[in-house]
Amino acid sequence: MSDLEIKNESSRLLDKQRRYLELDRRWLREEEKRRGRRLTSCVVTFGCQMNARDSEKLRGILEEIGFVNTDDEHADLVIYNTCTVRENANTRVYGRLGHLHNYKDHNPDMLIGICGCMMQEPEIVQTIREKFRFVDFVFGTYNVFALAEILYSRLESGSQIIDIWDHTKAIVEDLPADRKYRFKSGVNITYGCDNFCTYCIVPYVRGREKSRTPEDIVQECCRLASDGVREVMLLGQNVNSYGRGLDEPVTFPQLLTQIEKIPGIDRIRFMTPHPKDFSDELIDVMSRSKKICNHVHLPLQSGSSRILRNMNRHYTKESYLDLVSRIRERMPDVSITTDIIVGFPGETEEDFLDTLDVVRKARFDSAFTFLYSKRHGTPAADMEQVPDAVAKERFDRLLKVVDETAAKENSRYVGRTEPVLVEQVNEHDPSLVTGRMTNNLLVHFPGDASLVGEIVPVKLVSSKGFYYLGEKV
Ligand code: 5AD
Ligand code: SF4
C-alpha cells in the first residue's frame, strides 16, 4: 500500500468509528436514564509509554461516548490494557481479573474489557475464552481505535466479543484522546518493531515497524501546541529508525528538526532509541537544539559483546561505550539512562562482569533492571537458560552498582539553577510542587497549583538520590 492508500483506508475506518460513537452515545443516554445515574469507566495501564498513550486514546473514546472517567476499578466499565514483555506482567493481570470478577458479582451490569499486547498471543485469548467468561470484550494492539465499535458489538450481541487483528497498515489517529497532563503529551511516530532482539516478544505482538508521515506528526504536534501542550514525547519501539519505510524516506533527526520549529512546543523528548541506529546526525541535531531535552534513554541490555550478539543487538561493549562518550562529548550535561537484562540464556559470570563494567564506565543516571523472562516463541526461549538463583544473585549485585553510580551522578547539579516544568502539586506535601528538569530528574520545591504547566527557574538546593529539593528563584 502507498502512503496515500494507507491514508484513505485510515479515514474510512475513522468515519466508521464516528458512526459507532453515536450509537454508543444513544445507548449510554438510555442506560443512564434507566439506572438514574451517570455511568463511570476506568482504564488501567500495564507496561510501557506506548500502552500509556493507547490508554489515553481509550479514555478519550469513552469520554466521547459520555462515560465519566475514574481511577476506581469499581466502575461500570473497566478496561485492562495489558503488557506481555515479561511473564510476571501476565500473572499480575490474571490476579487482578479475579478481583474484577468479584466486583461484577456486586454489579452484574458491569462491563469488563481487556486489550493490549497480551491479547496478541493466541494461547492467552484461548485462556480468556475458556476460563474468564465474565470478560465482555477482548481486542488487541491494532484496533485500539475501534473501541466504540467493539463495545457496540458487545451490547448488541450480549455475548463475549473477541476482536483481534493480525496486523493493519492503517494508522487511525484522529479520534479524541484524554491526556493525563494538559501540558505534555506522547505522540506516536512509529508502531511495531523490526529488530527481533532474541529475548523480545514485541515484534510478534506489535508487528512490523510502520512510520507515520512527518506531515501527520507535525500536524498533531501543532494541534497539541494550540491546545496548551508544551512538551511532546515522541514514541516508538525504535524511534531512531523512524522514516525508513515511507514513500519519501525521512530520518529521525530530520523529523526532530521539523518539530523543533513548532511555536509553543518548548520541550521534545523521545523514547526509545536503539544504540545501533544512534547516528552522528542525531547527536548533532540534539546538541544544537534548544528544545530537545538533555536526556537519552539508551537501552544497553548487556555489557558483554558475546551476549549482545546472541541477543541480536548489532553493537558491542566497545561500540556502546564509544557512543556514550560521543554523546557526552557534545552534550556534557546529558543524563543517560538505560535498560539492562540479567540472566539472558548462556550468561556467564564473566559476561555479567562486563555488564557491571559498562554500568561503571557509562555512568548511568538510572537504570531499569530486569531479570530475563522467557517468552514463548522467541529464539532465546530455546537457548540454555541460566538457573533462577544465579540470575537473582547477579540481579542484586547489579542493583547495588547501579544505585552507587546513579547517586554519584545525580548529585552533580546541586547549586545550579535549572528550568523546571511543573507537573503537579506534591502528593505527600501540598506546600510543595513537583516538576521535571530537561534531564528528566524530578525536583520538589515550595509552590502552589498555579505553577502547574509552567516552566520556572529552580535552584537545586540538595540531592536526595533520585530527586532534588529546590527553591524557585
Ligand atoms: N525479559 C526481560 N526483560 C525484557 N525486556 C524485553 N524483553 C524482556 C524479556 N524477555 C526489557 C528490555 C527492554 C525493556 C522495555 O524490557 O530491557 O528494553
Ligand atoms: Fe524488543 Fe528489541 Fe524491538 Fe526493543 S528493539 S521492542 S527490545 S525487539
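This is a predicted model: local features need pLDDT of at least 70, side-chain atom pairs count only at pLDDT 80 or more; totals for chains, interfaces and linings use all residues.
1. Start with Tyr 372, which is buried, at a relative accessible area of 13%. Tyr 372 has a ring partner, Phe 344: the two make an edge-to-face aromatic pair, with 5.8 Å from centre to centre and 75 degrees between the planes. Phe 344 is buried as well, at 0% relative accessibility.

2. Where do Phe 344 and Tyr 372 sit along the chain? Both are in loops: Phe 344 is between strand S13 (335-342) and helix H12 (349-362), while Tyr 372 is between strand S14 (366-371) and helix H13 (388-410). The two parts are 28 residues apart in sequence, so the pair ties them together.

3. The aromatic pairs come to 14 in total. Another one to look up is Phe 46 with Tyr 80, also edge-to-face, at 5.4 Å centre to centre and with 75 degrees between the planes. This pair links distant parts of the chain, 34 residues apart: Phe 46 belongs to the loop between strand S1 (40-45) and helix H2 (49-65), and Tyr 80 to strand S3 (residues 77-82).

4. Are Phe 46 and Tyr 80 buried or exposed? Phe 46 has a relative accessible area of 3% and Tyr 80 comes in at 1%. The cut-off for buried is under 20%, so Phe 46 counts as buried, and so does Tyr 80.

5. There is a ring cluster to find too: Tyr 94, Phe 132 and Phe 134 are linked by ring pairs. Then have a look at charges over rings. Arg 86 lies over the face of Phe 370, 3.8 Å from the ring centre. Lys 184 places its charged end over the ring of Tyr 181, at 4.8 Å from the centre.

6. Cys 222 is partly exposed, at 35% relative accessibility.

7. Cys 293 is in no disulfide either, and its nearest cysteine sulfur, again that of Cys 221, is 13 Å away. Cys 293 counts as buried, with 4% relative accessibility.

8. Which residues surround ligand 2? They are Cys 193, Asn 195, Phe 196, Cys 197, Tyr 199, Cys 200, Val 202, Pro 203, Gln 237, His 274 and Arg 313. Sorted by class, the shell has seven nonpolar residues, three polar and one charged.

9. Last stop: the strands toward the end of this tour. S16 (residues 432-436) and S17 (residues 442-446) run antiparallel and are joined by five bridges. To find your way across, note that Thr 434 stands opposite His 444 in S17. The hairpin of S16 and S17 has five residues between the strands, and Asn 440 in this hairpin takes a positive phi near 80 degrees.

10. S17 has another neighbour to check. How does strand S19 (residues 467-472) run relative to S17, parallel or antiparallel? Here the answer is parallel, with three bridges joining the two strands.

Notes
Residues are numbered from 1 along each chain as its sequence is written. Chains are lettered from A and ligands numbered from 1 in the order in which they are written. Side-chain values use heavy atoms; hydrogens and water are left out. Two strands pair if DSSP finds at least two bridges between them. Helices (H or I, at least four residues) and strands (E, at least two) are DSSP runs, numbered from the N terminus. A residue is near a molecule or strand if one of its heavy atoms lies within 4 Å of it. Ala, Val, Leu, Ile, Met, Phe, Trp, Tyr, Cys and Pro count as nonpolar, Asp, Glu, Lys and Arg as charged, and the others, Gly among them, as polar. Rings of Phe, Tyr and Trp (its six-membered ring) pair if their centres lie within 6.5 Å; planes under 30 degrees apart count as stacked, over 60 as edge-to-face and the rest as tilted. Buried means under 20% relative accessible area, exposed over 50%, partly exposed in between (1.4 Å probe, protein chains only). A charge sits over a ring if NZ of Lys or CZ of Arg is within 6 Å of the ring centre and within 35 degrees of the ring normal. A disulfide is a pair of cysteine sulfur atoms within 2.5 Å.
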